[in-house]
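Subject: Structure handover

Hello,

Here is the structure for your files. My notes follow below it.

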Amino acid sequence: MSTRTRYRVEDGRTCIDIRIRQGRQLFDTRDPAPFRERDLDEDAVEYLLGAAQEIPRKEPLSIVVSIAEPRDPLVPDYVLAEAVQSHFAYAREQIDRRLVEYVHRARLFLGVGLTALVVFLTLAGLTTTSLQPGPWREILREGLVITGWVAMWRPLEVLLYDWWPLVDERRQVQRILDASVSVRYEAGDAHPGHVRTGTSPRAE
């Protein structure tokens with residue numbers, strides 16, 4: 001199934017539809033904070049991230065929250081829209097913090113790995129001058145060389161590969177932040193089709 005058939009397009013944006021019975025269902029019911037300060041429901045967050053990853057990156061997104069029951073005065077539309085923006089803005093901050101910590105750790109690993117490599121290669125070189133020729137000298141020398149390069153395996157893995165999932169996660173979170181957020185009511189509302197749009201400035 002293509003994204004064109006799975007997700008509808010409205011006003012040039014690919015829509016991620018969330019259908020709920022009440023507006024308060026968008027929030028984590030275990031959080032005792034007021035609705036304005038609550039976390040989003042985990043299933044809603046997982047669905048939004050999964051949809052953002054599935055829809056091609058070049059397509060702008062629109063999040064449409066469809067509510068079956070009439071508008072709840074305790075949960076106005078702007079609170080629902082702001083909740084989505086606030087949740088993912090905080091998620092982006094957390095990812096940025098993790099990336100900074102990751103870079104710091106990667107530099108530390110690289111320093112340790114290079115030090116180990118220099119030490120073991122130096123020891124391998126010393127075996128040719130301090131030991132008598134023979135198979136044991138060659139075995140020891142090769143073992144030291146291999147150990148030195150093995151010590152570089154983890155730093156290289158961290159620098160070349162491990163950071164990609166974090167970057168991809170941040171990209172999906174940013175796409176949701178850039179999406180418009182609409183709140184609509186299916187029935188029993190004196191003001192059907194109300195739309196609230198919230199956007200977040202793109203991070204530098």
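Helices are DSSP runs of H or I with at least four residues, strands are runs of E with at least two, and both are numbered from the N terminus. The model is predicted: local features need pLDDT of at least 70, side-chain atom pairs count only at pLDDT 80 or more, and totals for chains, interfaces and linings use all residues. Residues are numbered from 1 along each chain as its sequence is written, and side-chain values use heavy atoms, without hydrogens and water.

Val145 sits in helix H4 (residues 135-150). Beyond its neighbours within four places in sequence, Val145 is in contact (heavy atoms within 4.5 Å) with Leu121 and Ala124. Val119 lies 26 residues from Val145 in sequence, at a C-alpha to C-alpha distance of 9.7 Å.

Next, the core. A nonpolar core is a set of buried Ala, Val, Leu, Ile, Met, Phe, Trp, Tyr and Cys residues joined through side-chain atoms within 4.5 Å. Buried means under 20% relative accessible area, exposed over 50%, partly exposed in between (1.4 Å probe, protein chains only). The largest such core holds 36 residues, and Leu26, Ile63, Val84 and Phe88 have the most contacts inside it. Elements that each supply at least two of its residues include strand S2 (13-20), helix H2 (42-54) and helix H6 (164-178). H3 gives the largest share, ten residues. Leaving out residues up to four places away in sequence, Phe88 touches Leu40, Val45, Leu48, Leu49, Val173, Ile176 and Leu177.

Last, Asp77. This residue belongs to helix H3 (residues 77-130). Asp77 is buried, at 5% relative accessible area.

Regards
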